[in-house]
Amino acid sequence: MREYDLVIFTDIAEADALSVIDQFNTETALFVESPGRHEQGRSIYFNAMSMDVGFTTHSAPALRKETIYRQILVNDDLSQLNQLGMSLGKHVAQQCFSLPVFETLVEAGRILGKALQAKAIGWNASRNAMGFDYYDDAVQRFVNGGVFPVLGFVGLMDIANNIYETEGLSGFSGYELRLNALPDLPVNIAMRILVRLVNDIIMQGDFAMGDAIPGYADDVIISFCEPSVHYAETGKAPMVEAVMAKG
């Protein structure tokens, strides 16, 4: 079973959900049924970009991965909700998301999610599920020129011993990031620094390996190291290390 980039969780039935898509097509010409696909499949067209969509009910055993989502402001049992998945069409599929393509996909998800009375939106690369109100606000702010919505679209993990890692950053940069924080740095401060680093990488581009940058605190620097061979051999995205030190 295909794993979509974005998943809309809703309690609307399949026939009603597909009717919403068809109604969008009739009224706005943004959402169009793709001929020759199976009965649950559709393609939607938004801002001159196509996206594949597919509907599954909450009873489908192959799509129970929602149980491992990190839930952000979600008050519903996701396992009891139906799902409308969305992914980039073949002609726009990319190894890493460019910001314009990402913006179009998540904005289409916001519009369609509102029409489907979505309870939550899942982003599979980060394994985050966001309450729809949170998603709606974060995406609108970003589309209107705000900061990248890191907390929703990149997983941030407190590993142990002052080590913090991302999950899903590779969808934008080609690698994950590991922050080796100072031993006495509070977790909330370390996470804040990690969020800022991720935002800078996505919005402005990579930091130069070997260079030291200010550590967002007095007398602290952060150095970026080349990913180790170990990560390259696993088939997973490379892990770039950012090491904090007293300047």
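Buried means under 20% relative accessible area, exposed over 50%, and partly exposed in between (1.4 Å probe, protein chains only). The model is predicted: local features need pLDDT of at least 70 and side-chain atom pairs count only at pLDDT 80 or more, while totals for chains, interfaces and linings use all residues. Residues are numbered from 1 along each chain as its sequence is written, and side-chain values use heavy atoms, with hydrogens and water left out.

**Exercise 1.** Find which side chain meets Arg-110 in a salt bridge, and state whether the two residues are buried or exposed.

Solution.
- A salt bridge needs a side-chain nitrogen of Lys or Arg within 4 Å of a carboxyl oxygen of Asp or Glu.
- Arg-110 pairs with Asp-136, at 2.9 Å from N to O.
- Asp-136 lies in helix α3 (residues 132–143) and Arg-110 in helix α2 (residues 99–115), so the bridge ties together parts 26 residues apart in sequence. Helices here are DSSP runs (H or I, at least four residues), numbered from the N terminus.
- Asp-136 is buried, with 12% relative accessibility; Arg-110 is buried too, at 11%.

**Exercise 2.** Determine which residues are linked with Asp-136 in a network of salt bridges.

Solution.
- Asp-136 also bridges to Lys-114, where the closest N and O atoms are 3.7 Å apart.
- This pair joins distant parts of the chain, helix α3 and helix α2, 22 residues apart.
- Lys-114 is partly exposed, at 46% relative accessibility.
- The network consists of Glu-107, Arg-110, Lys-114 and Asp-136.

**Exercise 3.** Locate the salt bridge between Arg-141 and Asp-137.

Solution.
- The closest N and O atoms are 2.9 Å apart.
- Both residues lie in helix α3, 4 residues apart, about one turn of the helix.
- Arg-141 is exposed at 55%, and Asp-137 is partly exposed at 38%.

Note on methods: Helix = DSSP H or I, 4+ residues; strand = E, 2+ residues; numbered from the N terminus.
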